[in-house]
Amino acid sequence: MAASTYCPDCSRLIGICVLLGALWEIRAEHILYSVPEELENGSFVGNIAKDLGLEPRELAERGVRIVSRGRTQLFALNLRSGSLVTAGRIDREELCDRSPKCVVNLEILLEDNVKIFGVEVEIIDVNDNAPNFGAEQREIKVAENETPGTRFPLPEAFDPDIGINSLQGYQLSSNGHFSLDVQRGADGIKYPELVLERALDREEEAVHHLVLTAFDGGDQVHSGTARIHVTLVDTNDNAPVFTQPEYRVSVQENVPVGSRLLTVKATDTDEGANGEVTYSFRKVRDKISQLFHLNSLTGDITILGDLDYEDSGFYDIDVEAHDGPGLRARSKVLVTILDVNDNAPEVTVTSLTSSIQETSSPGTVIALFNVHDSDSGENGLVTCSIPDNLPFTLEKTFGNYHRLLTHRTLDREEVSEYNITVTATDHGTPPLSTETHISLNVADINDNPPAFPQASYLAYIPENNPKGASIFSVTARDPDSNENSMVTYSLAEDKLQGAPLSSYVSINSDTGVLYALRSFDYEQVRDLQLLVTASDSGDPPLSSNVSLTIFVLDQNDNAPEILYPALPTDGSTGVELAPRSAEPGYLVTKVVAVDRDSGQNAWLSYRLLKASEPGLFAVGLHTGEVRTARALLDRDALKQSLVVAVQDHGQPPLSATVTLTVVVADSIPDVLTDLGSLKPSADPNDSGLTLYLVVAVAAVSCVFLAFIIVLLALRLRRWHMSHLLQASGSRLASVPASHFVGVDGVRAFLQTYSHEVSLTADSRGSHVIFPQPNYADTLISQESCEKSEPLLISQDLPERKGELSLQQQAPPNTDWRFSQAQRPGTSGSQNGDETGTWPNNQFDTEMLQAMILASASEAADGSSTLGGSAGTMGLSARYGPQFTLQHVPDYRQNVYIPGSNATLTNAAGKRDGKAPAGGNGNKKKSGKKEKK
């Protein structure tokens with residue numbers, strides 16, 4: 001196989017073909033048309049659809065339109081025929097003045113592919129203007145001595161048409177003295193001159209009337225005329241002469257109005273009126289007369305209007321100097337306008353997209369705009385720019401067109417709207433710029449899921465909350481917009497203790513507020529683990545999750561429960577034993593309690609709420625241990641009742657109480673029989689005992705009040721019955737013993753009024769406490785009962801009033817005193833004067849006697865709870881035959897009846913060999929008391 005040879009001509013040929021193709025493509029983008037001026041509106045210019053390679057119907061489909069920069073639109077598109085037509089009357093002279101070639105440039109835009117085609121339309125001149133002299137008549141003064149052959153300038157006609165349609169020549173009306181000669185200047189302009197053919201004679205004809213006609217060419221010839229009046233004057237043989245045949249001046253376009261441009265100067269050697277020179281413009285056009293002014297006397301040319309380089313950069317002004325008789329001289333003033341950077345660039349937005357999706361690919365066209373600067377040279381060069389921090393770029397296309405493109409993918413969550421400032425700056429000094437603002441909205445798509453501000457949440461709710469209570473609120477933010485940012489909330493399905501979480505809490509799908517559907521119990525549910533889902537409303541929807549832990553806070557809703565001592569199930573009452581030999585601090589028992597609450601609500605403290613013997617026992621504040629506070633004395637009762645309260649530290653605090661029965665004995669077997677009788681009522685109807693006791697106390701109070709009233713009445717009657725009572729005193733010995741109060745009745749009274757009575761209807765019910773004042777610590781002696789006293793007389797005593805003898809009552813011993821433990825009050829605990837005496841008021845004494853006897857009478861009738869036969873004080877029935885009066889202190893020795901000098905004693909006392917107390921008022925102390 002032969003090796004390939006290098007052909008340099010082939011590569012050169014390929015390069016030429018590529019160059020020709022590029023030139024052909026550039027040429028293909030330029031379309032040339034020509035149209036004569038003064039056509040009617042809608043006249044055909046060219047088949048633009050065919051030249052673009054499109055069908056007429058495709059013009060509308062592909063968005064083909066004409067782009068203009070604000071100038072009057074001269075052409076239009078006929079979308080039905082696909083033709084370019086005129087949009088109005090076109091005047092070539094108005095567009096291009098006297099330019100040899102008049103071309104109108106326009107751009108055709110294809111919207112679908114954003115492509116620009118340049119179209120050049122050449123405006124062809126037609127003969128639509130006739131030559132015009134400017135003035136209808138002209139006067140020429142000629143000296144009568146002018147020699148034949150003398151030439152006189154004639155006014156020139158002006159025709160704005162060009163070519164064959166412009167001014168072609170002049171004609172002069174026939175006359176015998178003058179002829180017409182047309183001269184052609186270096187610039188090709190024809191100047192008519194009047195030539196004197198033969199001598200003039202002013203006396204023969206002073207004025208010659210001539211008609212000068214100017215005509216143009218073209219298919220239809222137009223002409224204009226001017227009347228020339230030739231006036232013969234005296235001889236003026238010297239015409240004015242300009243100092244320069246041509247004046248040149250350059251001026252910047254921003255020169256102020258009124259500035260002097262230059263001064264033309266012409267001289268005339270004649271004297272007098274023939275030497276006075278005046279100046280004027282020749283062939284004055286409207287534009288020249290509006291911009292420049294010539295002083296006819298001084299020859300100063302000043303600026304009359306604003307000069308604009310963009311309107312015209314050069315002016316050719318013909319000036320004329322003439323003397324008095326009319327000799328004239330011509331000169332030219334050539335004015336060059338220098339461009340200054342006085343025009344800022346113009347930006348015309350041709351195509352604009354106001355919204356773009358944030359997922360659009362880089363290179364997406366946002367806008368197409370054209371930049372134009374009316375200045376020239378460097379002042380007309382324009383550079384476009386946008387801020388560097390924007391994700392856009394500029395790309396220059398055909399001519400001065402630029403495209404605004406995306407440089408990278410946009411993100412609406414970062415910037416939702418762009419205000420793009422396109423700055424067009426020219427290269428002049430100083431540079432001028434124009435800013436164009438393009439607003440672009442970035443359309444949102446659902447590309448962001450809702451986001452929670454925290455990874456997890458902790459919420460707290462107190463137990464026992466009401467149903468429907470608001471627990472917590474979660475909020476998720478979605479940076480998207482509209483429906484893509486609308487967030488709904490839900491809870492993930494799960495179970496707690498076999499029940500679905502939806503039965504415990506619910507969430508508002510719109511606000512994210514969680515509500516409790518049930519009342520929580522801290523002892524059952526300590527916390528709930530939830531998973532909250534936030535979903536948006538986009539397509540497809542996006543979601544995110546967050547964990548929420550709800551902690552149930554404990555409240556003090558459980559009272560302490562006492563575990564020990566527990567209520568026995570056999571119906572008996574629990575009893576604690578304490579030996580009499582116990583030292584202070586001896587542990588008797590311990591109250592054990594628990595609280596189902598937690599924390600501070602479960603902290604328990606113990607205190608002794610009530611005791612039958614205050615100061616004998618103490619309870620540990622935090623341990624609940626019941627200990628002896630002092631050594632046991634013989635006077636301490638056998639049976640002690642303690643009420644211990646257990647209280648927690650919640651707010652508000654809750655408490656429970658327990659009643660302890662402590663039996664004090666040296667020998668435990670001796671009291672077992674007695675303890676067996678301490679059985680609480682098993683009847684559930686005993687729960688109403690509290691009500692009955694309240695009613696009973698109220699009844700007793702009423703009876704007591706009635707008793708006091710009766711006692712007062714009796715006291716009032718005593719003063720006149722004293723003699724009757726003394727007379728009946730001798731008969732008291734014969735009164736039966738049944739008329740007096742028994743010892744057991746006195747003992748029952750003392751147990752009732754000497755202590756505070758704690759009545760408990762049921763160990764499982766509430767405790768009702770009826771505190772009673774301690775009226776006495778002594779019993780009535782038997783001897784005092786045998787004395788004669790009106791209050792001790794039986795009910796049949798009034799029938800025997802006449803038989804009674806009066807006896808004077810012995811006064812009490814005022815030196816007798818009670819110890820602190822024996823004073824009236826609850827267990828002798830009342831504070832008072834240590835040296836206080838028994839009340840010696842007669843009314844109080846008798847009232848106390850009446851109460852003692854009344855209570856004793858009830859006991860004697862069998863209502864006493866102690867019961868029993870005489871000599872045992874009712875103890876035999878409870879503790880057995882072994883419990884006689886020898887085991888029980890004789891309380892009768894401690895009973896003192898005011899007004900008597902004796903204390904009570906019984907047969908047992910006498911049997912024990914104890915002598916009755918004398919009337920000296922001294923009392924015998926005993927430390928043994930029994931309390932119920």
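How many helices and strands are there in the protein chain? The protein chain holds 12 helices and 52 strands, where helices (H or I, at least four residues) and strands (E, at least two) are DSSP runs numbered from the N terminus.

This is a predicted model, in which local features need pLDDT of at least 70 and side-chain atom pairs count only at pLDDT 80 or more, while totals for chains, interfaces and linings use all residues. Residues are numbered from 1 along each chain as its sequence is written, and side-chain values use heavy atoms, with hydrogens and water left out.

The mean pLDDT of the protein chain (pLDDT being the predictor's confidence in each residue, from 0 to 100) is 74, and 70% of the residues reach 70 or more.

| Stretch | pLDDT | Contacts in the model |
|---|---|---|
| Residues 21-28 | below 50 | 2 contacts |
| Residues 728-932 | below 50 | 376 contacts |

Of the 932 residues of the protein chain, 41% count as buried, that is, under 20% relative accessible area with a 1.4 Å probe and protein chains only. Among contacts with a separation of 6 or more, 68% are between residues 24 or more positions apart.

The largest nonpolar core has 28 residues, and those with the most contacts inside it are Phe452, Ile471, Tyr489, Phe520, Leu528 and Ile550; such a core is a set of buried Ala, Val, Leu, Ile, Met, Phe, Trp, Tyr and Cys residues joined through side-chain atoms within 4.5 Å. Among the elements that give two or more residues to this core are strand 39 (527-536) and strand 40 (543-553). Apart from neighbours within four places in sequence, leucine 528 is in contact with residues including Phe520, Leu548, Ile550 and Val552. A second, separate core of 27 residues includes Val251, Phe281, Phe292 and Leu307.

Aspartate 597 lies in the loop between strand 44 (592-594) and strand 45 (604-611).

Threonine 628, in strand 47 (residues 625-628), counts as buried because its relative accessible area is 3%.

How values were computed: Buried means under 20% relative accessible area, exposed over 50%, partly exposed in between (1.4 Å probe, protein chains only). Contact means heavy atoms within 4.5 Å.
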